[in-house]
There are 2 protein chains.
Amino acid sequence: MRATLKDVAEAAGVSPMAVSVVLNGTGGQKVTVSPDKAKLIRQAALELRYRPNHLAQSLRSQRTNQVAVVFQHFSDIGPQNPYHIQLLGGVTSALFKRGYAMTLCPKMIVDGDYASFSDGRFDGILWCRPDFNDVSLEAIRQSHIPIVMMHVPPGTVPGVPTFCADNEGAMRRVVEYLKSLGHEKIAFVIDPVSIRSVEGQARSQAFISSMARAELPTPDIVVFEQDHSVLLRYAEPNAPHTALVCFSDELAGFVLKSCKAYGVEVPKHVSVVGFDSSPFCDNTQPPLTSVNQPVRQIAEAATNHLLSLVEQTDSAANPLPLISLYDCSLDVRESTGPPPGSQDSDA
Amino acid sequence: MRATLKDVAEAAGVSPMAVSVVLNGTGGQKVTVSPDKAKLIRQAALELRYRPNHLAQSLRSQRTNQVAVVFQHFSDIGPQNPYHIQLLGGVTSALFKRGYAMTLCPKMIVDGDYASFSDGRFDGILWCRPDFNDVSLEAIRQSHIPIVMMHVPPGTVPGVPTFCADNEGAMRRVVEYLKSLGHEKIAFVIDPVSIRSVEGQARSQAFISSMARAELPTPDIVVFEQDHSVLLRYAEPNAPHTALVCFSDELAGFVLKSCKAYGVEVPKHVSVVGFDSSPFCDNTQPPLTSVNQPVRQIAEAATNHLLSLVEQTDSAANPLPLISLYDCSLDVRESTGPPPGSQDSDA
DNA sequence: TTGAAAGCGTTACCAT
DNA sequence: ATGGTAACGCTTTCAA
């Protein structure tokens, strides 16, 4: 077995306390050890290769220097899902700078066992893209450690700090851009899963209100089933819509594929816009115009906020914002153009 | 504070042990609790919202169900580095299936404090792309928990299970492919950092021996400094090489950029091959031919191996391989073609 | 300045 | 079948 504090104490002929004070520096307030004994202790520790047991320290101090990241809709980490990557990059970067470890825990992520948020292992929770129901809301209420949420529309859960892309602003920007190209009949496309999520709802609503603000006709919200049948309508000469704004890049990718399958040309017959502006967008045929949300920056900010909460001894010293909204830009690529029949649609 | 085992015991009017046995099921060998008391205990636990403290359990049991992933050369997690993403995807997938958490710990990753491998927090270590020096070798020797290594040439550290791409086979495949196109003068390009790494050395050697096996002239190993000066040579009419095999996709990207800057056309004047076959390869100009190593599969296998080691009670029951080598394929894209002056070089 | 002892929350052995 | 007790490794208060 590994050498313990006690072993070192015995080897150096002192009490465990002295070792703790000298090696782990946590000497309460007024405890001091004479230099010669300290030297002895350090020597013994070196020889025995003593390392403090992090578990024991944490159990004692109620601090673990570990933060958990929870994804509500966890499919898989991989190149196909750039969101996770950017997010984890931002989170780890912020955590590492301040000496915290990041852990991904299947009990929470896969099993959805939010009650174990405060099982002692973590100083705080970063919760990404949460869905809300009685269970998760109760979990938040019962949590004994700080929680910060990412990518959830603000105001969803009172009292929980929230970091989110500005869906409203993003949708306004997209609609205005498409309108400036001449589009009027624009639909929002979303998948059956996302439409039920809080963010899906929020983004759909943002789209609808943006259309209203732009004085365009009340749009359809198209739920894109995998059978592609909805797209048949876009193959007709007088299609009901000339532009499709999609909930995600992934979904937009499916839409592009379907268009190709049904002989609908993009952007000649219909313009398509994605959301996330991941590297994926450069690979599609044609390259996908997409909303660029600063996932990494959001993640870093959310993490720093969480750590402030964790380390905050005097509670109301400097108050932090409960809601942080991040501006999104629009990366115009080649999947958008003037609607069919417009002046320069063949330019 | 959160309810503890003791609280539940008091509420139910039984001993802590009874609670432990009923709720956490870990009842040693022959401990049983009468059904009525068990019911009482469960009830009390529910009301008090009791959750076992994972820290205390781990301290007691010497098992944490947590595995650490260590990157020796940690820059950053992000879309620019597909290696990390694929790796983490494979690792988490394998870990989660068996109920283990994954943690990234700055002490090890950033500070290189390998001595804290066994600080009690982890059941095992996955070590990726290690460099070897006295410090890391000693860390491995002193470790109290199993270590499995990924992406390090086999045999580097005796006794440590190693998962790696088959550099030899990959290089042989690349050289044979280029030879079949008509190339003879082929160089290996590597950056100043990687050339010092174990994997860099191994891959260079593999390239050299593959060239010998193909009965081609002994090749240059070109260390690609950022000043691009080495590439000037390829702008000449009688360039010394017609094909460049690069250590990584990232490096190949720089090479492509330099070629463009110096007016060298790819693949007309020179063919370029990368390593990793990341999504990045589709975006380069021209798209990059690259060796495809199955990072995700390697990661999954390495993780499963580690967990077997961790869970192995009877040591030599079913022995596992110390070395696992994975075959690599070659993804041919558009950065390779016949050498200049050959029959169909303009086809 | 130093040591002894209690306790963090859990589990396992040994009694009863 | 059940409860007391010690122990996992560490920190901190209290007493000397």
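**Notes on the predicted model**

1. In strand β7(B), B:Val222 is the bridge partner of B:Val189. The model is a predicted one, and this pairing should be read accordingly. Strands β6(B) and β7 (residues 221-223) of chain B run parallel to each other and are joined over three bridges.

2. β6(B) also pairs with strand β8 (residues 243-246) of chain B, again in the parallel sense, over four bridges. Here B:Ala187 is placed opposite B:Leu244 of β8(B).

3. Is strand β6(B) covered on one face or on both? Both faces are covered: B:Ile186, B:Phe188 and B:Ile190 are buried on one side, and B:Ala187 and B:Val189 are buried on the other. Thus five of the five residues of β6 (residues 186-190) of chain B are buried. In a regular strand the side chains alternate between the two faces of the sheet.

4. Helix α3 (residues 35-48) of chain A comprises 14 residues and spans 20 Å from its first C-alpha to its last, close to the 20 Å expected at 1.5 Å a residue. Its buried residues are A:Leu40, A:Ile41, A:Ala44 and A:Ala45. Viewed down the axis of α3(A), these buried residues lie within an arc of 135 degrees, and therefore they line one face of the helix. The elements that cover them include α1 (5-12) and α2 of chain A. On the other side of α3(A), the residues A:Pro35, A:Asp36, A:Leu46 and A:Glu47 are exposed. Just after the helix, A:Arg49 adopts a positive phi of about 55 degrees.

5. In chain B, B:Ile41 belongs to helix α3 (residues 35-48). Why does B:Ile41 count as buried? Because B:Ile41 has 24 C-beta neighbours inside 10 Å, it is classed as buried. Leaving aside residues up to four places away in sequence, B:Ile41 touches B:Val8, B:Ala12, B:Val14, B:Ala18, B:Val19, B:Val22 and B:Leu23. By contrast, the C-alpha atoms of B:Ile41 and B:Val291, 250 residues apart along the chain, are separated by 59 Å.

6. The contact between the two protein chains draws 42 residues from chain A and 42 residues from chain B. On the side of chain B that touches chain A, two or more residues come from each of α4 (54-61), α5 (82-97), β2 (101-104) and α11 (280-283) of chain B. The most is given by α5(B), with eight residues. This side of chain B consists of 18 nonpolar, 17 polar and seven charged residues.

7. The two chains are also joined strand to strand: β2 (residues 101-104) of chain A pairs with β2(B) in the antiparallel sense over three bridges. A:Thr103 stands opposite B:Thr103 in β2(B).

8. DNA strand D is surrounded by 31 residues, the closest being A:Leu5, A:Met17, A:Ser20, A:Asn53 and B:Ser34. Helices α2 (16-24) and α4 (54-61) of chain A, with α2 (16-24) and α4 of chain B, each supply at least two residues of the surface near DNA strand D. That surface divides into 16 nonpolar, twelve polar and three charged residues.

9. Around DNA strand C there are 30 residues, of which A:Ser34, B:Leu5, B:Ser20, B:Asn53 and B:Ala56 come nearest. At least two residues each of the surface near DNA strand C come from α2 and α4 of chain A and from α1 (5-12), α2 and α4 of chain B. α4(B) gives the most, with five residues. The surface near DNA strand C holds 14 nonpolar, twelve polar and four charged residues.

Note on methods:
Residues are numbered from 1 along each chain as its sequence is written. Chains are lettered from A and ligands numbered from 1 in the order in which they are written. This is a predicted model: local features need pLDDT of at least 70, side-chain atom pairs count only at pLDDT 80 or more; totals for chains, interfaces and linings use all residues. Two residues are in contact if their C-beta atoms, placed from the backbone, lie within 7 Å. Ala, Val, Leu, Ile, Met, Phe, Trp, Tyr, Cys and Pro count as nonpolar, Asp, Glu, Lys and Arg as charged, and the others, Gly among them, as polar. Two strands pair if DSSP finds at least two bridges between them. A residue is near a molecule or strand if its C-beta atom, placed from the backbone, lies within 6 Å of it. The expected span of a helix is 1.5 Å times one less than its number of residues. A residue is buried if 20 or more other C-beta atoms lie within 10 Å of its own, exposed if 12 or fewer, and partly exposed in between; C-beta atoms are placed from the backbone. The arc is that of the directions from the helix axis to the C-beta atoms.
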